[in-house]
Amino acid sequence: PLGGSIILEFDDLNGDQHQYNYKIEHYNYEWQPSNLISTEYINGYASDWIRNYDNSFNTLQPYSHYRVTFPNENTTIKISGNYVLSVLDEYNEVVFTRPFIVYDSKVDVGVSVHRSRNIADLNTKHTLQFSVNYPNLNINNPGQEIKIVTYQNDDWNTRIDNIKPQFYRGTQLLYKYVDQLSYWAGNEYLFFDTKQIRTATNNIARVDLKDLFNTYLYVHESRANKPYTNYPDIDGNFVIRSIDIDNTATEADYTWVHFKLESFADIGTDNIYIYGDFNDWQLTDNNKLTYDENLKLYTGKLLLKQGFYNYNYVTAKNNKSSINNHIIEGSFYQTENNYTVLVYYKPFGSRYDQVIGYGTANSENLRN
C-alpha cells in the first residue's frame with residue numbers, strides 16, 4: 001500500500017562487500033517506462049547507495065548480505081503504480097531487477113472464486129468473478145479509464161489483463177465472465193525444509209557434506225494421474241529460516257538442493273523447470289531440468305539458502321511464451337490458490353496509470 005514499507009534483501013556470494021546502489025523507476029500499465037520524471041513519483045532520490053550490509057558468519061558458503069528498506073531517509077515513493085527496482089554494481093551495470101506494485105485504495109474490490117462454468121473444465125479450473133465499487137470517485141468513462149489485472153498466487157506469469165467490465169450498475173462495475181477470467185487450478189505446491197541443514201527430514205532423502213552441503217530430495221513422481229491430496233502450502237513462496245542461530249540473514253548457510261523427477265508425460269519439445277517464487281518465477285537455465293539417460297529421470301540442482309521452500313514442476317516452450325502448470329502436476333478444483341485483482345485508473349488527460357484498488361480471494365472459499 002502507498003505509505004507502507006517494502007524490504008529488499010539479497011546475498012552476494014562473492015562475499016567481498018561490493019558496493020551496490022538501487023534505482024527505482026515508474027512504469028505504466030503495460031510495464032513500459034512511464035513518461036514521468038523521478039521527482040514526480042519520488043520524494044528524495046530515485047537512486048542511492050545500499051549502505052546496510054554484513055558478511056556471513058560461520059558458514060561454508062561465504063557471502064555478503066545486503067538490505068534496504070523503503071521508505072528511507074533518502075527515498076520515499078509518493079504515487080501509486082507499477083515500479084521496477086534495479087540493483088546496479090559499481091560500474092553502473094544492472095545486476096538484477098524486481099518489479100513491485102504500489103496501490104492507493106480509492107475503490108472497493110469484491111472478489112470470489114468459482115469452479116469453472118464450462119462442464120469440460122469443471123474439475124480442473126477456477127473462475128474469478130469480482131466487482132469494483134467507486135461511490136466516492138467520479139469516473140467519467142470507466143470502460144476506457146479503468147483497467148484490470150488479475151494474478152494467481154502472485155505469480156507474474158499468470159497475469160490476465162485488458163478485461164473490460166461486463167455490466168455497469170450505477171457506481172459499480174461487474175466482471176462475471178465464464179472463460180476470460182479462468183485459471184488452471186494446478187496442484188498444491190511441493191515443499192522441502194532445510195532449516196536443519198545436516199539432517200534428512202520429510203521429503204529429504206539424505207544430506208552430504210562436500211565443499212558445501214548437498215541436499216538430495218526423494219524422487220518425485222508425476223501427479224497428473226493421481227488423486228488429489230490436500231496438504232497446506234504457502235502458494236509457491238519461501239521463508240529463509242534455520243534453527244539454533246540468532247540471525248538467519250548472515251548465519252544461515254547455503255546448500256545444493258538436488259531434484260529428481262520421474263515423468264512419462266508427453267511434453268514434446270518443451271522444457272521442464274523447477275518453479276516457484278525462489279527466483280521470482282523466472283524460467284532460466286539454472287532451474288531447467290535435464291534428462292539423465294542412466295537414471296531415466298529428469299534431474300536438476302539449485303544453490304539455495306536454508307529455509308522452507310515451495311515449488312512445482314512446469315513445462316514451457318523454448319521461447320518461454322506459455323507455461324503449463326498441469327501436464328506434470330495435474331490440475332484439481334480442490335487446490336488452494338490465492339487470487340489478486342488490481343484496479344488501474346488513468347483518467348482522460350492523465351500522464352500515468354494509478355493503482356486505485358486491490359482485492360484478494362482464496363479458493364478455499366470456493367463457490368459453485
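**Exercise 1.** Find K176 in this predicted model. Where is the place of K176, and is K176 buried, partly exposed or exposed?

*Solution.* Start with the strands on either side: K176 sits in the loop that runs between strand 15 (172-175) and strand 16 (182-184). Next, look up its relative accessible area, which is 38%. Buried needs under 20% and exposed needs over 50%. K176 is therefore partly exposed, because 38% falls in between.

**Exercise 2.** Now try R223. Which loop holds R223, and is R223 buried or exposed?

*Solution.* Go to the loop between strand 20 (220-221) and strand 21 (238-240), and you'll find R223 there. Its relative accessible area is 10%. Buried means under 20%, so R223 counts as buried.

Then check what touches it. Skip the neighbours within four places in sequence, and R223 is in contact with N187, E188, L190, Y231, N312, I328, E329, G330 and F332.

**Exercise 3.** Last one: L88. In which strand does L88 lie, which residues is L88 in contact with, and how many Å separate the C-alpha atoms of L88 and T290?

*Solution.* L88 belongs to strand 8, which covers residues 81-88. Its relative accessibility is 3%, and as the limit for buried is under 20%, L88 is buried.

For contacts, again leave out neighbours within four places in sequence: the partners of L88 include Q19, Y20, N21, Y22 and K23, plus E93, V94 and V95.

Finally, T290 is 202 residues away from L88 along the chain, and 32 Å separate their C-alpha atoms.

Notes. Residues are numbered from 1 along each chain as its sequence is written. This is a predicted model: local features need pLDDT of at least 70, side-chain atom pairs count only at pLDDT 80 or more; totals for chains, interfaces and linings use all residues. Side-chain values use heavy atoms; hydrogens and water are left out. Helices (H or I, at least four residues) and strands (E, at least two) are DSSP runs, numbered from the N terminus. Buried means under 20% relative accessible area, exposed over 50%, partly exposed in between (1.4 Å probe, protein chains only). Contact means heavy atoms within 4.5 Å.
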